[in-house]
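Thanks for coming. I will take a few minutes to walk through one structure, and the picture comes up now.

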Amino acid sequence: MVVQVAIMGLGVVGGGTADLLTENHDLILSRTGVDIRIKYILDIRDLPDSPYADRIVHDISVIASDPEVAVVAETIGGVHPAYEFTRRLLEAGKSVVSSNKQLVSEYGVELLSVAEKAGCVYLYEASTGGGIPILSPLRYDLAGNEISEISGILNGTTNYILTRMISGGVDFEDALAEAKAKGYAEANPTADIDGHDAARKIAILAATAFGHLIPTERIHTEGIRGIRLSDVRAAESIGARIKLLGRALRLGGELFILVAPFLVFDSCPLARIDDVYNGVLVHGNYVGDLLFYGRGAGAKATASAVAADLISAASSALTGALTNPVWTPADESEPSDFASFACRHYIALSGVEANAVDVIFGKTEPVPTVEGEIAFLTELMTEREALERLERISASGATLQSRIRVCDRTE
Ligand code: HSE
């Protein structure tokens with residue numbers, strides 16, 4: 001059965017998607033029975049040399065008003081005009097699949113509801129974890145589990161930088177320069193380095209698992225600018241690596257959600273995820289721990305996820321079998337107050353006497369570090385308690401060099 005589709009934005013991901021649908025057309029048809037044909041590609045450029053030049057259009061109305069087009073991939077990125085185009089297409093009854101984490105994390109509730117009312121679907125597998133199938137497994141394969149944890153390395157750029165610091169012994173600035181030279185980091189890598197990209201992705205993962213979309217402003221977000229080579233080495237000396245994690249944790253009645261660098265011990269599978277790769281660890285109350293691993297970015301990997309949604313939406317256009325995820329806005333009480341989030345902490349101080357550490361932090365575990373500093377792991381304590389103790393130790397004349405949370409987890 002033929003299904004006509006369109007792609008909005010022939011950039012890296014849109015181009016990869018067009019290539020995949022062309023190269024693997026017969027394979028998809030033989031596997032699924034769906035004959036996917038790209039009827040239009042929306043782009044502001046003419047692209048006369050593109051193999052898809054004959055299908056380029058510049059006006060969204062052409063796609064929105066064509067009754068033959070059943071599914072559209074949105075690979076434009078950013079909020080505008082992606083939001084207006086997506087809404088218009090959904091209202092016209094066309095399913096939309098998106099790789100746009102910013103749009104999904106800001107407007108997901110609204111766009112899913114528009115899709116539901118219009119009798120089509122809005123899918124977003126490619127928005128998080130690049131090529132890793134993670135949102136669909138959370139929705140379908142784990143539907144029978146209560147999910148208590150999603151912890152992920154969700155940003156390839158920062159994982160590359162941290163990996164180079166760990167295994168190459170280079171400092172943050174040099175590792176960032178390398179990431180830029182290799183084309184991993186954008187010219188302005190702020191969203192990656194400061195954790196905002198990972199915050200969008202953990203919001204999307206948490207909404208898919210728990211049904212409530214937490215605005216990213218409510219997600220405690222820290223990046224990796226402050227990570228020093230000496231912290232990386234100190235972590236290594238105790239069998240741990242520093243990783244930027246996005247975490248959504250359901251503990252008792254609480255929901256904590258944060259993005260921050262963590263000390264991850266080598267016994268945790270996330271410690272082994274290196275370079276630009278992403279990994280997402282999910283804990284379900286029946287299945288236990290699951291690890292999803294793969295390329296979190298790049299034309300081909302992300303196209304794989306866009307194509308997965310396109311194929312699902314195209315089949316559903318024929319059978320009506322697919323439904324929309326149900327998302328509602330987060331309650332005022334969500335997430336829980338971050339001051340109550342408890343974990344152990346790695347702390348490095350200078351200008352401090354060991355006995356002041358004992359008095360203020362109680363029992364600690366020493367961590368070998370550079371001369372002139374004292375580093376240690378605290379016992380489990382809340383953010384509130386950690387900040388209160390850090391204030392006291394600063395008042396005694398110490399200077400805080402680093403504080404990194406510890407990712408302690410047992411299955
Ligand atoms: N800048 C992102 C990353 C791209 O480095 O992971 C994929 O979302």
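How many bridges join strand β1 to β4, and do the two run parallel or antiparallel? Five bridges join β1, residues 2-8, to β4, and the two strands run parallel. Within that pair, I7 stands opposite A73 of β4.

Before going on, some ground rules. This is a predicted model, in which local features need pLDDT of at least 70 and side-chain atom pairs count only at pLDDT 80 or more, while totals for chains, interfaces and linings use all residues. Residues are numbered from 1 along each chain as its sequence is written, and side-chain values use heavy atoms, with hydrogens and water left out. Helices (H or I, at least four residues) and strands (E, at least two) are DSSP runs, numbered from the N terminus. Two strands pair if DSSP finds at least two bridges between them.

Now the overall division. The protein chain is split into domain 1 (2-130 + 299-327), domain 2 (135-295) and domain 3 (338-407), with bounds that come from an automatic or database domain assignment. Taken over C-alpha atoms, the centres of domain 1 and domain 3 are 49 Å apart.

Back to the sheet that holds β1 and β4. Six strands form an open sheet with parallel pairing, in the order β3-β2-β1-β4-β5-β6. At the edges are β3 (56-57) and β6 (122-123), each of which pairs on one side only.

Take β4 first, at residues 69-74. Five of its six residues are buried, so this strand is mostly covered; buried means under 20% relative accessible area, exposed means over 50%, and partly exposed is in between, using a 1.4 Å probe and protein chains only. Strand β4 is also joined to β5, residues 95-98, by four bridges, again in parallel. In that pairing, E74 has S98 of β5 as its bridge partner. Between the two strands the chain passes through helix α4, residues 82-91, and this β-α-β crossover is right-handed. Right-handed here means that, with the strands pointing away from the viewer, the path from the first strand over the helix to the second runs clockwise.

One detail sits on the way from β4 to α4. H80 and P81 are joined by a cis peptide bond, with omega about 10°, and P81 is in the loop between β4 and α4.

Further along the sheet, β5 and β6 pair in the parallel sense over two bridges. V97 has L123 of β6 as its bridge partner.

Next, the ligand. Which residues surround it? They are K101, N155, G156, T157, D192, D197, K201, G296 and A297, where being near means that a heavy atom of the residue lies within 4 Å.

- From G156, a backbone N or O atom lies 2.8 Å from an oxygen atom of the ligand.
- From T157, a polar side-chain atom lies 2.6 Å from a ligand oxygen atom.
- From K201, a polar side-chain atom lies 2.8 Å from a ligand oxygen atom.

On its own the ligand has 260 Å² of accessible area, and the protein covers 83% of that. The areas come from the Shrake-Rupley method with a 1.4 Å probe; for residues, only the protein chains shown count as cover.

Now to strand β16, residues 345-350. Why is β16 described as largely enclosed by the rest of the structure? Because six of its six residues are buried. Both faces are covered, with H345, I347 and L349 on one side and Y346, A348 and S350 on the other. Six bridges join β16 to β20, residues 399-407, in an antiparallel arrangement, and A348 stands opposite S402 there. Five bridges join β16 to β18, residues 373-377, also antiparallel, and Y346 has L377 of β18 as its bridge partner.

Last, some backbone details. A cis peptide bond joins E334 and P335, with omega about -5°; P335 is in the loop between β14 (328-329) and β15 (342-343). L47 is not a glycine, yet has a positive phi of about 50°, and this residue is in the loop between β2 (35-42) and β3. D275, also other than glycine, has a positive phi near 55° and is in the loop between β11 (254-265) and β12 (277-284). D275 counts as partly exposed because its relative accessibility is 37%.

Conventions. A polar contact is a pair of N or O atoms within 3.5 Å; within protein, one must be able to donate a hydrogen and the other to accept it, and residues adjacent in sequence count only if both atoms are side-chain atoms.
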